[in-house]
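Thanks for coming, everyone. I have one structure to walk through today. Here it is.

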Amino acid sequence: MVVFGPMKLILWDWNGTLLNDTPLNADVFNQVRAELGYEPVSIERYRELYRHPISKMYEDSGFDFSRHPFEDVARRWSEVYRAVPEPPPLHDGARDVLSRAQGRGSRQAILSALPHHLLEAAIEHHQLGAFFETVRGATDLLGHSKVAQGVDLARELGVYGKEISLIGDSSHDAEVAQELGAGCWLVSHGAESESRLLQTGYPVCASLGEAYDKMSQAFSSSGEPPDA
C-alpha cells in the first residue's frame, strides 16, 4: 500500500485535463498535416499517437523532418491554435473540483507543456487565476519534457514526494509524477487513450470528479482528515 504524507500541493496538468481541447488539438494537428501534404488521422489515432516529446508524436505519425523541420511545424501549429475564434471549454466538473480543493485549503498549481503566454491567456479567459498559487508553462513551442520544470516548481514551492498529488491526462504526466515521487491520478477524457494510460500503473479515472475523490480517499486512508 502506498503511504502518503500530508497533501500539500495538487499539481494540475492543463490541456486535456482541465481544458477540454483534445478535439481542437486533433483538428489543428490535421490542418498542419494537410498543409504539408500528409493524410489526416482520426481522433482515436491521435490519442494513440500522443506522447512527449511532441516531436516523437509527429515523427511516429509520418512527418519527415528532413523536408519539414519540427521547429517550423511547431510554429505553424501555434499559429493555427491561436487563430481559433472560440477558445475551448473546461471539462465538466473542472471548476467544481478546483473549488473543492480550495475549500479544503489545498495549495494548487499548474504545470503545462503549453507555451506560458498561451497558458496565462487561457486561465484568464476562464477566470481561474484565483485557484492557483502559480502556473508554469513552457518557454518554447517545442513540447519538450515537463520533468525539469516540475522538479524546479516543487523545489520553488517547498513541497516534495508524496506531499504532491499530480492529476493529468498523459503517460508523460505519469513520468513527471514518478520523477517527483508524487502521487498520480490520470483522467481518460484527454489527449491520450485509456489503454495507454493504464500501462503506466497509476489509477485511471473517467472524470475529474472521480480522480479528485480517489485522491482524497487515498489521503484520508493515510490519516489525513477526509475531504469535506
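Which residue just after α5 takes a positive phi? Gly105 does, at about 90°.

Some ground rules. This is a predicted model: local features need pLDDT of at least 70, side-chain atom pairs count only at pLDDT 80 or more, and totals for chains, interfaces and linings use all residues. Residues are numbered from 1 along each chain as its sequence is written, and side-chain values use heavy atoms, with hydrogens and water left out. Helices (H or I, at least four residues) and strands (E, at least two) are DSSP runs, numbered from the N terminus.

Back to α5, residues 94–104. Ala94, Val97, Leu98 and Ala101 are buried there. Buried means under 20% relative accessible area, exposed over 50%, partly exposed in between, with a 1.4 Å probe and protein chains only. Seen down the axis of α5, the buried residues fall within an arc of 100°, so they line one face of the helix. That arc is taken from the directions from the helix axis to the C-beta atoms. An α-helix has 3.6 residues a turn, so residues three or four places apart point the same way.

Next, a helix pair. Helix α7 (residues 147–157) packs on helix α8 (residues 171–180) at an angle of about 45°, axes 9 Å apart. Axes are lines fitted to C-alpha atoms, for helices over the stretch in contact, and angles run from 0 to 180 degrees between N-to-C directions. So α7 is oblique to α8. Under 35 degrees would be roughly parallel, over 145 roughly antiparallel, 65 to 115 roughly perpendicular, and the rest is oblique.

Who meets whom? From α7, Val147, Gly150, Val151 and Ala154. From α8, His172, Glu175, Val176, Glu179 and Leu180. Contact means heavy atoms within 4.5 Å.

Now the loops. His52 and Pro53 are joined by a cis peptide bond, omega about -5°. Pro53 sits in the loop between α2 (43–49) and α3 (54–60). Gln127 is not a glycine, yet has a positive phi of about 55°. The loop holding Gln127 runs between α6 (116–125) and β3 (134–138). Gln127 counts as exposed, at 67% relative accessibility. For context, most residues other than glycine have a negative phi, and most peptide bonds are trans.

Last stop: Leu36, in the loop between α1 (22–35) and α2. Leu36 is partly exposed, at 27% relative accessible area. Leaving aside residues up to four places away in sequence, Leu36 touches Phe63, Arg67, His68 and Val73. The C-alpha atoms of Leu36 and Arg67 are 9.5 Å apart, across 31 residues of chain.
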